[in-house]
Amino acid sequence: MKPCALMLCLLTATLTAALAAPVALVVDGKSDHVIYCDTNAPSSVKTAATELQTYVEQVTGAKLPVVNEPKEPMVCVGANAASTAARVTTDGLALEGWRVAVRGRNLYILGPDTADDEQTPQGGTSNGTRNAACMFIEKFLGVRWLMPGPHGDYVPKMASVTIPDQDLQGAPFFLNRRVPYIQENRAEVKQWGARQRLGLSLSLYHSHNWTAIKPEAFTQHPDWFAESGGVRVPPTGRYKLCVTNPGLIRAFADAAIAYFDANPKATCFSLSPADSAGWCECAHCKALYEDDPNGDLSVTPAIIQFYNGVAKLVAEKYPQKVLAGYIYAAYVYPPSQPFKLAPTCSSCGRRASTTASRSTGPSCSSAGTIWHPSGSRLRATSPTTTCRIACTTNWAR
Ligand SMILES: [Zn+2]
């Protein structure tokens with residue numbers, strides 16, 4: 001090798017080593033880093049900065065000052081002029097996604113963030129920087145938030161924290177992540193949820209909604225309502241519908257369309273059945289029913305077919321709106337045959353999404369998934385952002 005080539009190789013190796021050097025954030029309980037957060041950052045970003053300060057101190061004993069001007073070496077929190085100058089941006093990151101990058105001695109922790117009074121196009125929020133900070137705290141500080149409140153924190157002790165030269169990024173798989181019925185309005189539970197990266201960039205409305213077909217419709221359209229013992233049942237209480245009836249599907253779609261007409265900013269309409277029994281016993285509906293693994297009635301195929309039928313009609317006028325429906329109760333188990341929930345993410349943008357909560361069996365899903373009859377999990381077959389929705393509890397049972 002010629003001397004000049006050798007020099008070039010050595011120089012390149014030296015530069016690479018310099019660029020790839022890990023960041024010593026805390027050494028023996030001391031740090032010269034600051035946490036920089038822009039004054040105009042959304043409150044979720046400021047919270048992320050505080051969380052970082054709190055847990056770095058709890059883990060190492062070093063309290064990094066939070067400052068409003070960039071000052072190296074720093075932990076730069078949120079997307080701002082300093083991160084842009086370092087060419088660490090949120091470009092290409094999905095909503096609520098996160099990025100943690102090392103540049104020289106600086107750390108950049110950021111993600112797409114909605115302003116305090118801003119919503120995503122689908123009615124939610126994006127707290128990407130907060131998610132990034134929580135990911136960082138878990139991954140590099142070893143903290144775990146096992147339950148809400150300070151007693152739920154697991155905080156290891158470390159005298160030194162070194163961050164490898166990395167550029168990590170990712171995003172939540174589901175656009176809507178909630179754990180309901182856990183006293184979620186309490187401050188400590190909200191905080192715990194945020195640390196678990198719960199949240200939603202897509203607002204879903206999925207409550208029981210078969211009252212979208214008014215009982216008065218029975219007079220002219222008894223065949224829209226459930227049959228029992230050979231007769232159509234006048235709707236009272238938690239009445240059921242005949243989900244295979246084309247007129248009913250059209251009427252339900254018209255109700256959704258009328259809702260979106262009257263509420264242009266609304267992003268979602270619910271297709272979820274009423275609670276309790278009373279499923280239609282007409283020949284068309286019964287032909288779709290199955291036994292679940294416990295030998296009980298499963299109406300899942302009929303419900304999914306209904307969801308898809310309504311979604312298809314609504315998409316003709318509102319291809320960007322979301323239709324949501326429970327996977328729950330007598331329709332919580334997967335059908336015996338793999339079933340595509342909706343022709344999602346097609347060019348016409350049709351989609352139906354489902355969400356499950358308080359489910360007692362394998363459940364859940366999202367548009368663009370195939371629901372496997374033998375599995376307790378759904379496999380995403382169309383992992384594009386707009387198709388990833390939903391959430392569940394208990395799906396590991
Ligand atoms: Zn029926």
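Hi everyone, let's begin with Trp98, which sits in strand β5 (residues 98-103); helices (H or I, at least four residues) and strands (E, at least two) here are DSSP runs, numbered from the N terminus. This is a predicted model, in which local features need pLDDT of at least 70 and side-chain atom pairs count only at pLDDT 80 or more, while totals for chains, interfaces and linings use all residues. Residues are numbered from 1 along each chain as its sequence is written.

Is Trp98 buried or exposed? Trp98 counts as buried, because it has 28 C-beta neighbours inside 10 Å. The cut-offs are these: a residue is buried if 20 or more other C-beta atoms lie within 10 Å of its own, exposed if 12 or fewer, and partly exposed in between, with C-beta atoms placed from the backbone. Trp98 touches Gly111, Gly128, Asn131, Ala132, Met135, Gln169 and Gly170, leaving aside residues up to four places away in sequence. Touching, or contact, is when the C-beta atoms of two residues, placed from the backbone, lie within 7 Å. Ala171 is 73 residues from Trp98 along the chain, yet their C-alpha atoms are separated by 6.0 Å.

Now a step back to the protein chain. It has 8 helices and 22 strands, and 42% of its 397 residues are buried. Of the contacts between residues at least 6 apart in sequence, 69% join residues at least 24 apart.

Next, helix α4 (residues 128-141). Of its 14 residues, 11 are buried, so α4 is largely enclosed by the rest of the structure. Just after α4 comes Gly142, with a positive phi of about 75°.

How do α2 and α4 pack? Helix α2 (residues 43-60) meets α4 at an angle of about 15°, and their axes are 8 Å apart. Axes are lines fitted to C-alpha atoms, for helices over the stretch in contact, and angles run from 0 to 180 degrees between N-to-C directions. The two helices are therefore roughly parallel to each other; angles under 35 degrees count as roughly parallel, over 145 as roughly antiparallel, 65 to 115 as roughly perpendicular and the rest as oblique. From α2, residues including Leu52 and Tyr55 take part, and from α4, residues including Ala133 and Ile137.

Our last stop is helix α6. Its 17 residues (246-262) should span 24 Å at 1.5 Å a residue, and its end C-alpha atoms are 24 Å apart, which agrees; the expected span is 1.5 Å times one less than the number of residues. The buried residues of α6 are Leu248, Ile249, Phe252, Ala253 and Ala256. Seen down the axis of α6, they fall within an arc of 135°, so they line one face of the helix; the arc is that of the directions from the helix axis to the C-beta atoms. The face turned away carries the exposed residues Pro246, Gly247, Ala258, Asp261 and Ala262.

What covers the buried side of α6? The cover includes β15 (268-270), α8 (300-317) and β18 (322-326). With α8, the packing angle is about 50° and the axes are 9 Å apart, so α6 and α8 are oblique to each other. Residues making that contact include Phe252 and Ala253 of α6, and Phe306 and Val310 of α8.
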